[in-house]
Amino acid sequence: MDYQQAIDFLFPLHRFGIKPGLERIEALLDVLGHPERKLGTIVHVAGTNGKGTVASCVASIFSTSGRKTGLFTSPHLVDFTERIRIDGQQIGQARVAEYCTKLQPAVETGATFFETTTAMAFAFFADEGVDAAVIETGMGGRLDATNVVQPEIVIIPSIGMDHTEWLGGSLREIAAEKAAIIKRCSRVFTAVPEAGEAFAPIREAAEAVGAELHQVEREAECLVEEVCPGALALRISLDGGESRQFRAALTGSFHAPNVCLAVMAARSEGISWEHIDDGLARLGASGYRARLERIADKPVVMLDVSHNPEGMQKTAQSILELRNCFRFLYVIIGVAADKDAAGIVHHIAPIADEIVAVDLPVERSLQAEVLERLCVEAGAQYVSSRHSAAEALEFLDQRVEPEDMILVTGSFYLSGEVAAMERFRSPGASAGAI
């Protein structure tokens, strides 16, 4: 099959939905000769918010240090190949077609989209002979398709109330599910507060298998020195040692614990401070996208993928830190129907000068008119709705001034729709492929 046939084969697998369990991924990996055993140093990342940022930071640092590093994240923004990268380069379309052809007979017995994608990523990394693989879980941990690896490093940046129908109705239950990726002899790094109810299950999981446990607040000091759109200046010291300054290609001080986790993990692997500095500065080369990403100027347009209340609270905090950089804040927001829309808009509505609610380009979108009403109830003064991001941008084009900001937020689907628009593509930009 060719790439388009592969995509036509892959995406209908969404019909199987979420099916927790490891038996199907193990069957797929058996067909491929168990590539999960040939991934070099494995960094496994789970959590509610921040896991994509941490994974990208670690991958960028490892790559800069000279290690051939695979990075598996989800979802993608524009093209499927964004999910699977080595040293920032996306998997080639021909390779996607190759792996889909190999997997097709096994997949047709009922494997899900994420399971198939996971198997493909592991095969690609193994075939390319990576020195390290940074792997982001899909949803949980214990029964997540990625939980077939034996990681040297486990990172859990945060635990929040999300996917409660699958992971449990309390922070403790959710933390226990995610902490199940901890394996014997792993080094575990977390920013989950020791005083909260989510920390105990992580500690218990580490103790049960004799894994080292490192907690950011206990072992690191981090001072935010400057916050700009697309740049975060930090000063970090570990275990009371000399503080060092870093400039990460990130927006928002809330990323500080995520950067600390990446630095701690990298130092545990013996990576130099100079390579850490370079890796954080070159984060964009890892494929990191749409976490308050600046894609246009005059007016500034920023893409954000916050899709739960905790994430949106941090987005709002970051926007307030940048408030003196723009005149008015216009927000284009779309939310999936299975998300806590009221909790999400509660954080962004009060700080927006005007909001345009939109439908997402997927079937499970919350209707824009419903989202508009929730924004009004959350205290927004000026709200309207449109059927698409394109319509919302056309509407705002007549209203915004060069000194304003447009924030696109609420969903990966929405950010992906906007990122794919011709007006926001960089001339000649290419991520390359393998």
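Trainee: Which residue in β7 is the bridge partner of Ile 156?

Mentor: That's Thr 190. Keep in mind as we go that this is a predicted model.

Trainee: And what makes β6 and β7 a pair of strands?

Mentor: Two strands pair if there are at least two bridges between them. β6 and β7 have four bridges, in the parallel sense, so they qualify as a pair.

Trainee: What about Thr 190, which residue is its bridge partner in β8?

Mentor: Gln 215. Strand β7 (residues 187-190) and β8 run parallel and are joined by four bridges.

Trainee: Why are β4 and β8 called edge strands?

Mentor: Look at the order of the open sheet: β4-β3-β2-β5-β1-β6-β7-β8, eight strands with mixed pairing. β4 (89-90) and β8 (212-215) each pair on one side only, and that makes them the edges.

Trainee: How do you know that both faces of β6 are covered?

Mentor: Check the side chains: Ile 153 and Ile 155 on one side are buried, and so are Val 154 and Ile 156 on the other.

Trainee: Which helix touches β6, β7 and β8?

Mentor: Helix α8 (residues 199-209), which packs on the sheet with its direction at about 150° to that of β8. Helix α5 (residues 113-127) packs on the sheet too, touching β2, β3 and β5 (132-136), and its direction makes about 15° with that of β3.

Trainee: On to the rings. How many aromatic pairs are there?

Mentor: Six.

Trainee: Why is the pair of Phe 11 and Phe 80 called edge-to-face?

Mentor: Their centres are 6.3 Å apart, and the limit for a pair is 6.5 Å. Their planes sit at 75°, and anything over 60 degrees counts as edge-to-face, so that's the label.

Trainee: What parts does that pair tie together?

Mentor: Phe 11 is in the loop between α1 (3-10) and α2 (23-31), while Phe 80 is in the loop between β2 (69-72) and β3 (84-86), so parts 69 residues apart in sequence are tied together. Phe 11 and Phe 80 also form one aromatic cluster with Phe 113.

Trainee: Is Phe 80 buried or exposed?

Mentor: Buried: its relative accessible area is 2%, and the cut-off is under 20%. Phe 11, at 29%, counts as partly exposed.

Trainee: What makes Phe 246 and Trp 273 a tilted pair?

Mentor: The planes are at 35°. Stacked needs under 30 degrees and edge-to-face over 60, so the rest are tilted. The ring centres are 6.0 Å apart. Phe 246 lies in strand β11 (residues 244-248) and Trp 273 in helix α11 (residues 273-281). Phe 246, at 3%, is buried, and Trp 273 counts as buried at 15%.

Trainee: How do you know that the charged end of Arg 386 sits over the ring of Phe 395?

Mentor: It's 4.1 Å from the ring centre, against a distance limit of 6 Å. Likewise, Arg 67 lies over the face of Phe 62, at 5.0 Å from the ring centre.

Note on methods:
Residues numbered from 1 in each chain as written. Predicted model: local features only at pLDDT ≥ 70, side-chain atom pairs only at ≥ 80, totals over all residues. Heavy atoms only, no water. Helix = DSSP H or I, 4+ residues; strand = E, 2+ residues; numbered from the N terminus. Buried < 20%, exposed > 50% of the residue type's maximum accessible area, 1.4 Å probe, protein only. Lys NZ or Arg CZ within 6 Å of the ring centre and 35° of its normal. Contact = heavy atoms within 4.5 Å. Axes fitted to C-alpha atoms, helices over the stretch in contact; angles between N-to-C directions.
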